[in-house]
Every structure is written in structure tokens, then in C-alpha cells.
Amino acid sequence: MKRLALLLILVLSLGVQTAQATDAAAPVIDQVTAPASANSGDRVTVSWRVSDDVSIGLVSGTVPFTNFSLSKDSRLVKSADGNPNRTSGDNKVGSYSGSILIPAGVSGVYVLEIFAYDGVGNRTQSSVNIDLASTPTPTPTPTPTPTPT
């Protein structure tokens, strides 16, 4: 009985390793949609599609392992606000959408970097530029002083 159990474990583990070893291709990211420009303080929505020959990776068994961030000169400025929502599809081919609040005071050309992993850790990324303008803080209009009558 012990030999049978050990043999079954060995066969199952070899099958799992073989299945993982055949997933050599990273996911593909396409159909990226993001605004070309925005102002600091704006909430920006980014959408994209991820496909993989086996399956996109999952975090905690349920959350798709894909997201995006804002960077400048290869430095992270801010990660997306939470996990993206899958708007259609499944773990093999799915469309995703997420948002990010652009930090105050930033301006210039920044990069939105979208990434995805599959179940064995193959990683891919895609990026789009976004031109950000710093929104100046409006100067309050002074309240006029009433004239005595």
C-alpha cells in the first residue's frame, strides 16, 4: 500500500512538473487604452487585455496577477489604486481595467507600465506614455470688505 501511494505521488508530481515546464511562453498584453494626457489630481482609468497559452497567474488563487503603475525615468512613482477588475473573459484571455489617482504636482511625460505573470512566473509588460500637467492651486479671491454706511 505504501509503495502504491509513493508511486501515485511520484506520477502526479512528474505530471505537474511536465505541465509547468511546457508553459515557456509569457502572457501577451495588448489592446491597451489610456488617456494621452491628464492633470495632476485626475483619476485615470487604464484598460488592457491579457492572454496566455495556459493561464494568467493568480494571487491567493483568485486575483489575476496583472496590474499597472506610473513611473518616470524607470522609477516607480505610484502603483495602481488596488487590483484591476476583469471586465470580460477568463484566465486565458481576459480584459482588465484599473485606475490611478495622479499625484499632485507632477508634470512631464510619464509612463504607465502594465504587467502580467502566468502561473509559472513568466512575466511580460507593455507601456504607454502619458503627458501630465501640474494643476496649479487656484488663488482664492479675497472677500471684499463692506463699506460702512
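In the predicted model, the charged end of Lys 72 sits over the ring of Tyr 110, at 4.8 Å from the ring centre; this contact requires NZ of Lys or CZ of Arg within 6 Å of the ring centre and within 35 degrees of the ring normal. Local features of this predicted model need pLDDT of at least 70 and side-chain atom pairs count only at pLDDT 80 or more, whereas totals for chains, interfaces and linings use all residues. Residues are numbered from 1 along each chain as its sequence is written, and side-chain values use heavy atoms, with hydrogens and water left out.

Strand 6 (residues 66-72) is paired with strand 10 (residues 108-117) in the antiparallel sense over six bridges. Strands are DSSP runs of E with at least two residues, numbered from the N terminus, and two of them pair if DSSP finds at least two bridges between them. Within this pairing, Leu 70 stands opposite Leu 112 of strand 10. Strand 10 also pairs with strand 11 (residues 123-133), in the antiparallel sense and over ten bridges. Here Ile 114 has Ser 126 in strand 11 as its bridge partner. Strands 10 and 11 form a hairpin with five residues between them, and Gly 121 in the turn has a positive phi of about 100 degrees.

Five aromatic pairs are present in the structure. Rings of Phe, Tyr and Trp (its six-membered ring) pair if their centres lie within 6.5 Å; planes under 30 degrees apart count as stacked, over 60 as edge-to-face and the rest as tilted. Phe 65 and Phe 115 form an edge-to-face pair, with 6.4 Å centre to centre and 80 degrees between the planes. Because Phe 65 lies in the loop between strand 5 (63-64) and strand 6, and Phe 115 in strand 10, this pair ties together parts that are 50 residues apart in sequence. Phe 65 has 33% relative accessibility and so counts as partly exposed, while Phe 115, at 19%, counts as buried (buried, under 20% relative accessible area; exposed, over 50%; partly exposed, in between; 1.4 Å probe, protein chains only).

Phe 65 also forms a stacked pair with Tyr 117, at 4.3 Å centre to centre and 25 degrees between the planes. This pair links the loop between strands 5 and 6 to strand 10, across 52 residues. Tyr 117 counts as partly exposed, at 22% relative accessibility. Elsewhere, ring pairs link Trp 48, Phe 68 and Tyr 96 into a cluster.

Key:
Helix = DSSP H or I, 4+ residues; strand = E, 2+ residues; numbered from the N terminus.
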